[in-house]
Each structure stands twice: as structure tokens, then as C-alpha cells.
Amino acid sequence: MKSLKLFGLASVVALSALTGCKPKGTETAVSGDAAQKVYVAPGKYDEFYNFVSGGFNGQVNVYGLPSGRLLKVLPVFSQNPENGYGYSEETKPMLQTSHGFIPWDDQHHLSLSQTNAEVDGRWLFANANNTPRVARLDLKTFKTVEILELPNSAGNHSSPFLTENTEFVVAGTRFAVPMDDVSGDVPIDTFKENFKGVLSFIGIDQQTGDMDLTFQIEAPGINFDLSHAGKGKSKDWFFFSCYNSEKANTLLEVNASQNDKDFIMAVNWRKAAELVKAGKGRKVATNYAHNKWDESIHSATSTMKKEVTVLSVEDMKDAMYMIPCPKSPHGCDVDPTGEYIIGSGKLAALIPVFSFDKIQKAIADKAFAGEYDGVQVIKYEAALYGEVQKPGLGPLHTEFDGKGNAYTSMFVSSEVVKWNIKDLKVLDRTPTFYSVGHLMIPGGDSGKPFGKYLVAYNKITKDRYLPTGPELAQSAQLYDISGDKMQLLLDFPTFGEPHYAQALPGEMISKNQVKFFKIADNKHPYATKGEAESKVVREGNKVHVYMTSIRSHFAPDNIEGIRVGDEVYFHVTNLEQDWDVPHGFAILGNENAELLIMPGETCTLKWVPKKAGMFPMYCTDFCSALHQEMQGYVRVSPAGSNTPLIYSLNNKKDNAQSPVKSGETK
Ligand code: RUQ
Ligand code: CUA
């Protein structure tokens with residue numbers, strides 16, 4: 001499979017891939033009606049929610065389309081100062097892993113849950129790339145409600161992609177690594193013997209959405225890049241792009257670009273699941289975190305799991321095949337019918353389109369070209385439907401409009417190319433500004449795309465916006481794809497570096513939004529359901545403040561008798577029962593940020609005062625006309641002092657409900 005000539009070409013392409021090229025004619029020919037097409041009048045809703053990965057910022061960002069307005073940053077894999085995610089005691093367990101607390105990760109890909117290959121608006125899944133994890137967000141609250149760590153993996157890039165009824169969310173490891181039950185303390189040049197490429201299959205509870213690592217497949221030590229499930233007739237299969245079939249462990253830029261073709265791996269996940277049910281696979285000892293948010297107690301718990309069932313290449317003999325794919329494939333996309341599988345070789349000058357029917361026939365006919373580490377390799381021609389010729393340079397990702405067209409991003413030549421899936425003819429091309437990565441059409445990787453718009457997520461903006469120091473904004477560009485020709489409508493800067501995105505019609509989920517949490521349902525162990533119940537309780541050097549917030553005061557708002565060396569827990573319950581009335585909480589000198597407490601919720605801030613003195617606290621969210629009056633004091637005395645522990649609201653004499661009270665228990 002070696003080709004010196006192609007390798008030479010590859011390095012030229014690779015070089016320009018480093019810099020990216022600027023398309024000719026950078027002035028945007030935005031035609032007259034573009035402004036009208038993206039104008040969403042004040043007070044009107046956007047047509048689509050667009051969930052966009054935050055890349056190295058670790059979060060998920062929500063934009064409205066077609067306006068491009070940023071609606072919200074949803075914290076997932078990074079602490080978030082806006083609402084205390086990862087800082088409050090309740091949310092800290094969400095970021096626990098087998099490596100300890102991880103405050104910041106890298107988030108690339110998103111998948112909306114599906115029913116019968118159609119987007120259903122229940123959940124959004126997100127990957128953490130660095131410390132391998134998959135998160136589930138609930139689209140009723142827009143909260144991260146579950147995070148599952150993935151063992152035997154490193155660089156969770158080929159993730160999270162899901163089957164057409166959300167039976168499984170699937171993740172493939174980018175880095176081949178030694179398995180967790182053998183020592184990883186081995187020479188790096190033993191790569192070929194010791195390193196494995198593991199695929200994870202996370203079962204999804206159809207009622208609750210709960211994730212469970214049902215099994216893994218120990219595949220050859222190759223790098224898995226991206227994947228997509230089949231749909232319709234191919235719904236039992238998963239397709240993974242793989243690179244570094246050379247198994248290089250250094251200077252991959254050169255050494256993993258030697259082979260003319262790498263692979264797309266086809267895995268029959270249904271058969272694999274049946275094998276596991278029938279008792280196949282070995283139990284591998286490991287350690288991984290499963291973190292779950294429980295809305296009844298407004299808190300997360302983190303549990304460590306110790307074992308996973310792993311299928312071998314041998315177990316998967318009749319259920320896993322390699323298909324040669326030119327030049328380090330990146331994107332691996334399946335068209336809405338489930339028949340066509342598109343592999344995008346980053347360094348290829350064409351786009352191969354594989355046929356599911358032909359793959360099935362090749363397997364039946366044993367049209368194999370040999371084996372790769374025990375996995376049968378299907379002959380390229382036997383699996384190939386055809387090739388899109390001269391699409392552009394650096395094809396990465398493909399989306400579909402549901403009308404028989406595919407749209408592929410070209411990183412090197414900075415353009416989007418529209419082509420017909422049946423005759424593989426290029427129909428249109430349009431520049432992006434610049435170096436486009438992923439594309440997104442609402443529902444564009446499902447069996448039923450909503451079409452209408454395409455968004456290109458670009459890596460480089462150069463001259464597009466007012467400059468902002470050494471780091472410039474990344475950007476998204478919105479195109480109208482309803483006609484024959486793509487029409488650029490809008491540029492909008494994005495938060496963090498966008499990779500993949502998903503979108504669905506606003507009305508699918510806007511009606512089901514939770515507006516506040518019922519205080520009566522609050523089962524948080526430190527909830528305070530009325531001001532009369534507010535109190536301060538000392539237990540040794542731990543002090544629990546049972547505090548309430550309502551427009552526009554805290555109860556209690558005067559506390560004395562805290563000592564240096566105490567651990568103080570402010571458990572603040574927001575008593576409001578109305579939409580969009582959070583209260584904030586901050587206290588002078590706190591190293592652990594602030595809180596933002598939703599109506600009906602209880603949130604806890606841990607505070608360890610370091611010196612004696614007076615410490616003001618206040619509400620950080622402008623909640624009412626008297627928001628600025630929502631404040632109080634905490635007096636801290638030296639360690640060992642005997643200042644009595646007292647707390648009050650409005651002093652004892654004026655308020656029979658909340659007199660000055662003593663909270664001393666020891
Ligand atoms: S993948 S463009 Cu192509 Cu993670 Cu980002
Ligand atoms: Cu509560 Cu401002």
C-alpha cells in the first residue's frame with residue numbers, strides 16, 4: 001500500500017494544510033436579501049436552536065439560527081463562573097474522574113438523541129476529548145445531568161455518535177494505548193505489541209436516558225478519528241474512520257501518512273451486543289467515574305466503577321471489517337438513506353463513497369484483500385460506490401440536506417462543496433472565511449434533515465472582525481441552501497473553537513422548558529423551605545448555614561461567631577417560584593467563586609475564612625429594584641475565640657419570625 005509518489009503529494013498538501021490558504025476574492029458577495037433572511041425582529045424567536053461545541057473551552061454554546069445570536073453557554077466539561085458549575089459543592093462531583101477533579105477539558109462533538117433516525121429533542125450528548133468522557137444534557141433544563149468516563153481510552157475523539165434509536169452512544173479512542181489491566185509503563189516503541197484501539201458502547205436507558213458502559217471492543221492499535229452509525233438498512237452497523245494504520249508513535253505528520261490508504265472500520269454493533277448478552281468477552285479490571293445529577297436533591301454524585309466487559313477481535317470475527325480509505329480519513333458520514341458511507345481523506349484529492357449494499361455483498365462473497373491485525377479487509381473496489389473527483393483540497397466533514405445532496409467542508413481550499421450523492425457530480429462550491437472544519441445542517445446527520453440552512457464552523461477569521469489582540473475570534477458562517485446555489489447570509493463569532501454542532505427547530509423543545517423547580521419537591525438535605533427555618537449550626541469546625549434568598553434579602557443576613565479555621569458551608573435555597581428569578585451569592589475573599597441559585601434550588605458554597613474581620617456578602621444577580629440592598633455581614637473571630645455563634649435577620653426585637661438565635665451545638 002505504499003506509494004512514494006502519493007506521499008510526495010501528501011507532504012505538499014500537508015504543508016499547505018498547516019497554513020491554510022485564503023480563497024481568492026475574500027470580499028463577501030453577500031447579496032441584497034441576506035440581511036432580511038437572518039433578521040429576527042426584537043421579541044421574536046429564532047427558528048432553530050444551534051448547539052455548538054466549545055472546543056478547548058470545554059462547554060457547549062447555544063445560538064439561535066438564523067440570527068446567530070448567542071443564547072447561552074452550557075457548562076459541561078469545564079468549571080463555569082457564570083453559574084458556579086464545578087465550583088458549588090453540588091456540582092463538583094460532575095467533574096470527578098479516575099484522575100481526580102478535572103476543571104477544564106476539550107469538547108468537540110455533539111449528538112442529539114434520535115428516534116427512528118429522527119431528532120427527538122430529548123437529550124444532547126457531548127464528548128470530552130482529553131480525559132475521555134461522554135456527557136448527557138437534558139434539553140428540558142439545558143443542564144449537564146450525567147458524565148461517564150471511558151476506561152482503556154485516551155483522546156476520546158471518535159465520540160459521541162449514536163444509533164438511530166439512541167440504543168447506544170458510541171466512542172472510539174483516538175490514541176491507541178495499553179489496556180488498563182496491564183501496565184502502561186512500557187517502552188513507547190513497543191507500540192505494535194502493547195497498544196490497543198478501544199471502542200466503547202454506552203447503553204442508554206430509553207426512559208431515563210441513563211448511560212451504562214455496556215461493553216468495549218479491543219480493536220487493533222490504530223487511531224480512531226470519527227464515526228457515525230448506519231441508519232435504515234444499515235442501522236445495525238457503525239462506521240469508524242481510522243488513521244495511523246502504520247502504527248507510528250512519533251512524528252505522525254510524516255510517519256502516519258505513509259500508507260496510501262488507511263481504513264474505515266465497519267462494526268455490527270447489534271451482533272456485538274448479542275455476543276455480550278450470550279456471555280462473550282472478558283472482564284477487564286479498571287477504574288472509571290460515573291457522575292450523575294439528581295434534580296430531586298439538586299446535587300450530583302460520583303461513583304467509581306471497577307470493571308468492563310471487553311470483546312476481542314477474535315470474538316468479533318464475523319461482525320467487524322476494515323474498508324480501505326484513501327489518505328488518513330477524518331470525517332465518516334452516512335447519508336440519510338443509510339446506503340452511502342462517505343470517508344473524507346484529509347490528504348486525498350477525491351472523496352470515496354462506499355455502498356452499504358456492496359459492503360454486505362463483499363462480506364458474503366468473501367471479497368477480501370487480506371487481514372489487518374486479524375480483521376478482514378474488504379477490497380476497496382468491492383465496497384466502493386464511486387469517487388467524487390476533484391472536490392477541493394482537504395475534505396473533512398460531510399452533511400446532508402435530505403434532498404439527495406451532500407456538502408463537504410474543505411479545510412485546505414477553504415470552501416464548502418455541494419455534490420450529488422447519486423451521480424457524484426459537484427454541483428456548487430462556495431468559499432468559507434477561512435479554513436472550515438465541521439459543517440452542520442439542522443438534522444443533517446439524521447435520517448430526516450430539516451435542511452434550509454448550512455453552518456460552516458471556521459478555524460481562522462483573520463480579517464473578518466475587529467481584531468482582539470493575539471487571539472482572534474473563531475467563526476461560524478450561515479448559508480441558505482434552499483436553492484440550487486448556496487448563499488452566504490451571515491458571519492458570527494463563536495465562543496471557544498467550534499467543532500461539530502447540532503440543531504433542531506426551536507418549537508421542538510421550547511415548550512417543554514422547566515421554568516423553576518418546585519420548592520415542595522426540593523429534597524436537598526440542606527434545603528431551607530422558609531425563612532423561619534433558616535439557621536446556622538456548628539458541628540466542630542464545620543459550620544452549616546441554612547440560608548434562604550428571596551427578593552430582596554437573605555435570611556439570615558447577620559452572622560457572628562465564625563472562627564478562623566472553620567469550614568463554612570452556605571447552603572442557599574432560593575425561595576422564588578417564578579421563571580427567571582435566580583439569586584446570586586458571593587462573600588468577600590472566597591476562593592471558590594460564587595453561586596447562582598435557580599428558583600426552588602439549593603446550592604452550597606464552601607468558604608474557609610483565613611483571617612479575622614468583617615466579611616460582607618451580597619447577591620450578584622440584579623434581581624429587583626432593591627437588588628443592591630440584598631446584602632449582609634459575617635463576622636469572623638480568631639481561632640479559639642469564644643464569640644458566641646449568633647445569626648439574625650432584621651434583629652431579634654423587630655422580627656419574631658427570625659429572632660437572633662444561637663446555633664451552638666458543641
Ligand atoms: S474534528 S474540525 Cu474535524 Cu474533532 Cu473538529
Ligand atoms: Cu437577589 Cu440580586
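Is Glu497 buried or exposed? Glu497 is buried, with a relative accessible area of 16%; buried means under 20% relative accessible area, exposed over 50%, and partly exposed in between (1.4 Å probe, protein chains only).

Before going on, a word on the ground rules: this is a predicted model, where local features need pLDDT of at least 70, side-chain atom pairs count only at pLDDT 80 or more, and totals for chains, interfaces and linings use all residues. Residues are numbered from 1 along each chain as its sequence is written, chains are lettered from A and ligands numbered from 1 in the order in which they are written, and side-chain values use heavy atoms, with hydrogens and water left out.

Back to Glu497: you'll find it in the loop between strand S33 (487-494) and strand S34 (501-505). Helices (H or I, at least four residues) and strands (E, at least two) are DSSP runs, numbered from the N terminus. Leaving aside residues up to four places away in sequence, Glu497 touches Ser53, Gly54, Gly55, Phe56, Lys459 and Gln474, where contact means heavy atoms within 4.5 Å.

Now for the rings. Searching the whole structure turns up 26 aromatic pairs. Rings of Phe, Tyr and Trp (its six-membered ring) pair if their centres lie within 6.5 Å; planes under 30 degrees apart count as stacked, over 60 as edge-to-face and the rest as tilted. Phe51 and Phe142 make a tilted pair, because their ring planes stand at 45°, with the centres 5.7 Å apart. This pair links distant parts of the chain, 91 residues apart: Phe51 is in strand S1 (residues 48-53), and Phe142 is in the loop between strand S8 (133-138) and strand S9 (143-149). Both Phe51 and Phe142 are buried.

Phe201 and Phe215 are stacked, since their planes are at 5°, and their centres lie 4.7 Å apart. Phe201 sits in strand S12 (residues 197-204) and Phe215 in strand S13 (residues 211-219), so the pair ties together parts 14 residues apart in sequence. Phe201 is buried, at a relative accessible area of 0%, and Phe215 is buried with 0%. Ring pairs also join Phe201 and Phe215 into a cluster with Phe168, Phe224, Phe238, Phe240 and Trp269.

Last stop, a sheet. Six strands form an open sheet with mixed pairing, in the order S14-S15-S16-S19-S24-S23; two strands pair if DSSP finds at least two bridges between them. Strand S14 (223-229) and strand S23 (368-372) are at the edges with a single partner strand each, so one side of each has no neighbour in the sheet.
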